[in-house]
Amino acid sequence: MRPAHAIIDLAAIRHNYGVAKSTAPQARAIAIVKANGYGHGAIEVGKTLAPIADGFGVACIEEALELRESGITNPMLLLEGIFDPDELPLVDEYRFSIAVATHQQLNWLLKSKIKQPIDVFLKIDSGMHRLGFKLEEALAVYGKLKASLKVKNVVLMTHFASADEPEKSTTDNQFKRFTKAIRGIDAPCSLSNSAGTLVHPNTHQQFIRPGIMLYGATPLGHSHGTDALLKPAMSLRSAIFSIRDLPAGEPVGYAGRYVTDKPTRVGVVAIGYADGYPRHAVDGAPISIDGHRSRIIGKVSMDMLTVDLTDLPDIKEGAPVELWGNEVRANEVANHCDTISYTLFTGVTRRVPLRYINRAD
């Protein structure tokens with residue numbers, strides 16, 4: 001079998017959820033498992049967290065139904081709400097909570113014929129300008145929801161645009177605008193994503209929404225030290241399957257982007273951009289080969305990539321390779337690919353089998 005695969009450490013995910021809970025001990029933590037659990041497998045992540053999670057957050061009803069049908073009964077929030085009023089009977093049947101962020105969603109809910117009142121997360125735009133009601137609309141919309149027999153509880157919600165840049169005043173300004181807009185409303189709030197949870201304690205409120213931190217990647221820079229709190233959950237792996245020695249002055253890979261500047265031992269790894277490793281990784285992107293740090297040289301191909309083995313003379317064909325995980329952090333790889341860890345995780349394709357370790361049972 002082709003050696004490319006990913007190890008998913010479920011104990012690490014449970015640990016990281018515990019970090020979120022201990023960082024905001026007074027808040028309930030909605031574990032965000034959208035986008036197939038950030039590429040880690042939503043059902044497996046959901047099942048491992050179900051005994052301890054206060055609830056789950058997904059992007060859409062399709063993701064929520066997948067979790068429900070796998071036997072997960074925890075509270076479940078549709079973070080983007082519904083996209084069509086025909087979804088409301090399913091929301092009613094499966095007891096989902098929904099975000100209400102637009103006047104259309106509000107009208108669909110108020111005019112619906114759902115049989116039981118549901119919990120609503122009222123989204124207010126405090127400055128990101130993506131979804132949410134205007135600040136000056138918050139009181140009126142909240143009043144409509146509270147007066148409706150279709151609504152059980154209302155949680156006030158916003159989303160921070162730059163919580164991962166705590167040196168900026170953006171998050172404080174959003175928090176102040178949000179607080180002013182909801183003055184006079186006695187309702188729980190949900191503001192903090194992973195970055196808000198880690199470095200903005202005043203925003204924790206009653207519900208936090210940890211996402212990327214559950215999977216062991218900090219949304220912040222290494223200077224904040226938050227990477228030391230978290231355990232990587234995904235280890236993307238493969239193996240060396242070819243080795244050749246080249247003299248100085250020889251091109252490596254498509255377009256000859258990398259040219260050897262000395263006699264170079266080149267290894268070929270069985271993984272490429274069709275597996276989810278970024279094609280735009282630069283020469284020098286870090287990689288671990290049998291526990292030894294090395295670097296990528298040459299352009300990433302669809303099914304393989306090339307690495308520098310010059311300083312690793314003992315490496316043989318078949319040697320294990322970690323693309324990211326415990327030995328090379330995903331954020332470090334992302335920095336060499338002009339991207340973020342979120343895209344690395346969610347970009348792993350279906351031809352990379354996921355192998356789970358440390359199940360709770």
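**Questions and answers on this structure**

Visitor: Where is arginine 130 found?
Guide: Helices (H or I, at least four residues) and strands (E, at least two) are DSSP runs, numbered from the N terminus. In this predicted model, the place of arginine 130 is the loop between strand S6 (118–123) and helix H7 (138–147).

Visitor: Is arginine 130 buried or exposed?
Guide: A residue is buried under 20% relative accessible area, exposed over 50%, and partly exposed in between, with a 1.4 Å probe and protein chains only. Because its relative accessible area is 53%, arginine 130 counts as exposed.

Visitor: With which residues is arginine 130 in contact, leaving aside neighbours within four places in sequence?
Guide: Contact means heavy atoms within 4.5 Å. With the neighbours within four places left aside, the contacts of arginine 130 are Lys123 and His159.

Visitor: Where does asparagine 193 sit, and is it buried or exposed?
Guide: Asparagine 193 is placed in the loop between strand S8 (189–192) and H9. Its relative accessibility is 16%, and therefore asparagine 193 counts as buried.

Visitor: Which residues does asparagine 193 touch, not counting those up to four places away in sequence?
Guide: His159, which is also in contact with arginine 130, is one of the residues that asparagine 193 touches.

Visitor: How many Å apart in space are arginine 130 and alanine 163?
Guide: In sequence, arginine 130 and alanine 163 are 33 residues apart, whereas in space their C-alpha to C-alpha distance is 15 Å.

Visitor: Which residues are closest to the centre of the largest pocket?
Guide: On a 1 Å grid over the protein atoms alone, a pocket is an open set of points where a 1.4 Å probe fits, with protein on both sides within 12 Å along at least five of seven lines, and lining residues have an atom within 4 Å of a point. The largest pocket has a volume of about 840 Å³, the space filled by probe spheres set on the points, which are joined across faces, edges and corners. Of its 37 lining residues, the closest to the centre are Lys34, Tyr38, His159, Asn193 and Tyr342.

Visitor: What share of the residues of the protein counts as buried?
Guide: Local features need pLDDT of at least 70 and side-chain atom pairs count only at pLDDT 80 or more, while totals for chains, interfaces and linings use all residues. Residues are numbered from 1 along each chain as its sequence is written, and side-chain values use heavy atoms, with hydrogens and water left out. The protein has 11 helices and 18 strands, and of its 361 residues the buried share is 53%.
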